[in-house]
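Subject: Handing over the structure

Hi,

Here is the structure I promised to pass on to you. Have a look at it first, and then read on for what I found.

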Amino acid sequence: ENKVRSVRNIFGPVPSRRLGRSLGVDVIPYKTCSYDCVYCESGPTTNQTVKRRSFVMPGQVLEELAGYFRKYPQGADAITFSSAGEPTLYQPLGELIREIKKRFPSLPVVVLTNGSLLWDPQVRNDLMAADRVVPSLDAAAEEAFDKVNRPHPSLELATVMEGLRAFRKVYRGQYRLVIDHKLFD
């Protein structure tokens with residue numbers, strides 16, 4: 001039951017110190033991201049973009065989750081949006097989170113994000129239904145941001161930071177900002 005399982009859009013569960021058994025949801029094509037971070041364990045970004053798209057139908061993900069929980073009724077402690085790319089690039093993210101919350105109300109929904117698109121009001125709105133959002137900020141100086149995150153040309157550090165602040169003001173769930181790999185509430 002604790003074996004890592006791979007399906008097209010879900011994976012795990014993955015053991016997590018903070019979340020227990022975290023069932024991953026990946027709705028982004030491999031290495032589709034707004035950044036091309038020098039440290040990314042998944043390797044170089046092959047599709048750098050800030051354009052949100054519906055890469056997979058929400059119904060397909062819900063079907064995979066339902067199949068997993070039919071087979072493993074107690075198979076996770078949390079459902080976590082994470083991927084080898086940026087989850088907020090998924091255009092129907094809010095719709096999918098709300099449907100997951102309806103169908104699996106006892107499980108917290110967590111979104112791990114680089115935070116680069118939080119300047120977009122629609123992205124902020126989509127994340128409102130999540131129980132916990134964990135954005136990251138690797139650098140607070142433009143030169144370091146450009147060197148470490150190698151952002152999409154349209155992204156500026158000031159815009160990213162303003163998005164983080166704007167989201168923090170309106171979001172009522174658990175907000176855990178990771179700054180240079182350290183966690184802050």
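Ser-136 touches Thr-113, Asn-114, Gly-115, Leu-177 and Val-178, leaving aside its neighbours within four places in sequence. Ser-136 itself sits in strand 8. Arg-70 is 66 residues from Ser-136 along the chain, and the C-alpha atoms of the two are 34 Å apart. Please keep in mind that this is a predicted model, so the values below are computed from predicted coordinates.

Now the chain as a whole. It has 5 helices and 11 strands. The radius of gyration is 16 Å, close to the 16 Å that the globule rule gives for 185 residues, so the chain is as compact as a globular protein of that length. Along the principal axes, the C-alpha atoms fill a box of roughly 50 × 35 × 30 Å. Of the 185 residues, 49% are buried. Among contacts with a separation of 6 or more, 66% are between residues 24 or more positions apart. The accessible surface is about 9,400 Å², and carbon and sulfur atoms account for 52% of that.

The largest nonpolar core has 45 residues, and the members that touch the most others are Val-27, Leu-65, Phe-69, Phe-81 and Ile-100. Several elements give two or more residues to this core, including strand 3 (20-25), strand 6 (78-81), helix 2 (93-103) and helix 5 (157-170). Which helix gives the most to this core? That is helix 1, with 5 residues. Phe-69 is in contact with Leu-23, Gly-75, Ala-76, Ile-79, Phe-104 and Leu-107, not counting residues up to four places away in sequence. Another core, of 5 residues, lies apart from the largest one; Leu-19, Val-110, Val-134 and Val-178 are among its members. Val-178 is also one of the contacts of Ser-136.

Tyr-68 counts as buried because its relative accessible area is 1%, under the 20% cut-off. The pair of Phe-167 and Tyr-171 is stacked, at 4.7 Å centre to centre and 20 degrees between the planes. Both Phe-167 and Tyr-171 are buried. Ring pairs also link Tyr-68, Phe-69, Tyr-72 and Phe-104 into a cluster, and Phe-69 and Phe-104 are in contact with each other.

Finally, the cysteines. How many disulfides does the structure have? The count comes to 0. Cys-37 is in no disulfide, and the nearest cysteine sulfur, that of Cys-33, is 6.2 Å away. Cys-37 is buried, at 14% relative accessibility. Cys-40 is in no disulfide either: the nearest cysteine sulfur belongs to Cys-37 and is 6.5 Å away. With a relative accessible area of 24%, Cys-40 is partly exposed.

Happy to talk any of this through.

Best wishes

How values were computed
Residues are numbered from 1 along each chain as its sequence is written. This is a predicted model: local features need pLDDT of at least 70, side-chain atom pairs count only at pLDDT 80 or more; totals for chains, interfaces and linings use all residues. Side-chain values use heavy atoms; hydrogens and water are left out. Buried means under 20% relative accessible area, exposed over 50%, partly exposed in between (1.4 Å probe, protein chains only). Rings of Phe, Tyr and Trp (its six-membered ring) pair if their centres lie within 6.5 Å; planes under 30 degrees apart count as stacked, over 60 as edge-to-face and the rest as tilted. A disulfide is a pair of cysteine sulfur atoms within 2.5 Å. Helices (H or I, at least four residues) and strands (E, at least two) are DSSP runs, numbered from the N terminus. The radius of gyration is taken over C-alpha atoms; the globule rule is 2.2 Å times the number of residues to the power 0.38. Contact means heavy atoms within 4.5 Å. Accessible areas come from the Shrake-Rupley method with a 1.4 Å probe; for residues, only the protein chains shown count as cover. A nonpolar core is a set of buried Ala, Val, Leu, Ile, Met, Phe, Trp, Tyr and Cys residues joined through side-chain atoms within 4.5 Å.
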